[in-house]
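Work through the exercises below with the model open. Try each task before reading its solution.

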Amino acid sequence: MTTTDTPVNNGVNVEALLGARAALTEAPEAAQFQWRATCEWQNGTHSHSTVEGFFGLGEEQSHRTRFSFDADHPEIFASQDNGVTPPELALVALASCLTAGIAAVAQNREIQLRRVSATIEGAMDVRGVLGADSDVRNGFSDITVTYDIDADASPDEIRALVAQSQKRSAVYDIITNPTNVSVEVR
Amino acid sequence: MRTTTVVIGAGQSGLAMSRCLSDRSIDHVVLERGAVANSWRTERWDSLRLLTPNWQCRLPGYAYDGDDPDGFMTMPEVVDFITNYATAIAAPVQSGTTVASVRRTDGGYRVLTDQGEWQCETVVLAAGAFNVPRVPAFAEAVPPTVTMMTPMEYRNPEQLGEGGVMVVGASATGVQIAAELRRSGREVTLAVGEHVRGPRTYRDRDIHWWMEAAGVLDERYNEVDDIVRARRVPSMQLAGSPERATFDLNALRNIGVKLIGRFAGINGSHAQFSGSLRNKCELADLKLGRLLNTIDEWATDNGLDDSTPPPHRFAPTKIDPAPPLDLDLARGEIETIIWATGFRPDYSWLDVTVLDGKGMVRHDGGVADSPGMYLLGSPFLRRRKSSFIDGCRADAQELIVELTAYLDRRASPVRA
């Protein structure tokens, strides 16, 4: 058996995150962020969204580059399938948020990750969005995320990573709790 | 009037400090708005018993010496215990004295009461950490047809109508009230957020026995990862019942209490619940697993494995596959909501700039961030057991050292 003292490295700078937490605890105004996206209709159900700037730490900020996302619907909905459906984007948001959280928590707990794979499934009765049955909600009736994780940790420690990641996840909170939404027209 | 130390509050904390002050011949007075053990007399429901076993009721120079060491005191018994302590230690309690303000002066503090004014060098805040119920702001949006109550007003099921009850919060308070109301025949729904699961007994011994023996209750405030968070963790789901029953969510579910997610908000007349119930239960199950691992390791290391039943684990918390996320409060199924959502201290009389942004006293292990001011009886003040009677004992015995050193420094200032 060989033992090495290689430090745990999941590519997360925990010291920076803990430093930010300490700094923002003292300066709550700097912790006020605003995330933004813009969306342009293309044709049919196809839209093109971009994300570049955001506000935080008291000033305008920008991603390193402009990211863009196409959304559409598949051909079985008589669309042209130029992109994923918006509910699928929501699933992507949840899975990527939880996965980022797992990496950060693992780093903080000094657990080396080798592989983290998630499968995310959202069940939906589309009679809701089609207006075919007003008793059916538009959104997901149920979301299931299944993780497959290879790490230097016991099964319970891995379950605790996943549980803690949910506790600190923005998108998990966004999806599980109500949010006031204002949609206005200029 | 002038004294060296004013202690505010004649509960277990203030009296423990009084005894420590007397031991060192420090002149002091204990101011009490009502009678000794006032909160225990006036702010508790009828069936409540202490969470900690009788043998663990220890105060400086005093301990339970009755014939039921493994039992749990009723509220009248707690009041007797604390009142007898006050008598035994001849505590200089001035009851019926409400503090109106505490201010800094050049030499210390000025404590203004409805019975006169005190000047002192040091002041000990021991008025309790659970004075005012914390109720979420959206409670205002609950339809007026629903009766609302906090655990401070709740006394027994007879106070309530026969209709359904929603208990919000699954700490020790929430689970005990939910169980009592369910046993009274009412439909009970329990809204569950973050909670701490605990069995009353494990391997034939009380969970508090194990937690004390394994050093969990004595874990110190400067040894935990995140003390700010540790101080806000809800109380473990325990009750002191003669049957030594466990009050976890599985036990509640077995008697027919409906478990739903955290009460997240109100939209119109609709109560909305978080979809996070599974995660909250998983977190609590895992945390309990870690506690039992600690206990089992300690038992092995200390040779208890031959004399106690073998380790085992409790069944995971069972929840419905799809607990409701929405409940129309206008439909009348819920007649009463009980907000068991925690308490906060009342410092409305504290005119000293020592409160943080959340209205809590800034302190380091009870040494407040204001010279000569000390805090007692607050969760995880110096150790995990700080909010228990036994915790007051340990904390007062350490804080008296700090307080005495402060007085000594003032008496003989170091010359530059």
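**Exercise 1. The core**

How many residues does the largest nonpolar core have, and which have the most contacts inside it?

Solution. This is a predicted model. Start with the count: the largest nonpolar core holds 128 residues. Next, look for the residues with the most contacts inside this core: they are B:Leu125 and B:Leu376. Then turn to secondary structure. Helix H8 of chain B, residues 277-301, gives the most to this core, with ten residues.

**Exercise 2. Around one leucine**

Leaving aside neighbours within four places in sequence, find the residues in contact with B:Leu125.

Solution. Apply the cut-off: C-beta atoms, placed from the backbone, must lie within 7 Å. Set aside the neighbours within four places in sequence; B:Leu125 is then in contact with B:Ile8, B:Val361, B:Met373, B:Tyr374, B:Leu375 and B:Leu376.

**Exercise 3. Chain A against chain B**

Describe the side of chain A that touches chain B.

Solution. Count both sides: ten residues of chain A meet 13 residues of chain B. Locate the main contributor on chain A: helix H3, residues 155-167, gives the most, with six residues. Sort the chain A side by class: three residues are nonpolar, three polar and four charged.

**Exercise 4. Two domains in chain A**

Solution. Domain 1 spans 11-84 and domain 2 spans 85-178. Their C-alpha centres are 18 Å apart. Domain 1 brings seven residues to the contact, and domain 2 brings eight. On the domain 1 side, helix H1 (14-26) and strand S3 (59-71) each supply at least two residues. By class, that side has six nonpolar residues, one polar and no charged ones.

Terms used: Residues numbered from 1 in each chain as written. Chains lettered and ligands numbered in written order. Predicted model: local features only at pLDDT ≥ 70, side-chain atom pairs only at ≥ 80, totals over all residues. Contact = placed C-beta atoms within 7 Å. Helix = DSSP H or I, 4+ residues; strand = E, 2+ residues; numbered from the N terminus. Nonpolar A, V, L, I, M, F, W, Y, C, P; charged D, E, K, R; others polar. Core = buried A, V, L, I, M, F, W, Y, C linked by C-beta atoms within 7 Å. Buried ≥ 20, exposed ≤ 12 C-beta atoms within 10 Å, placed from the backbone. Domains from an automatic or database assignment.
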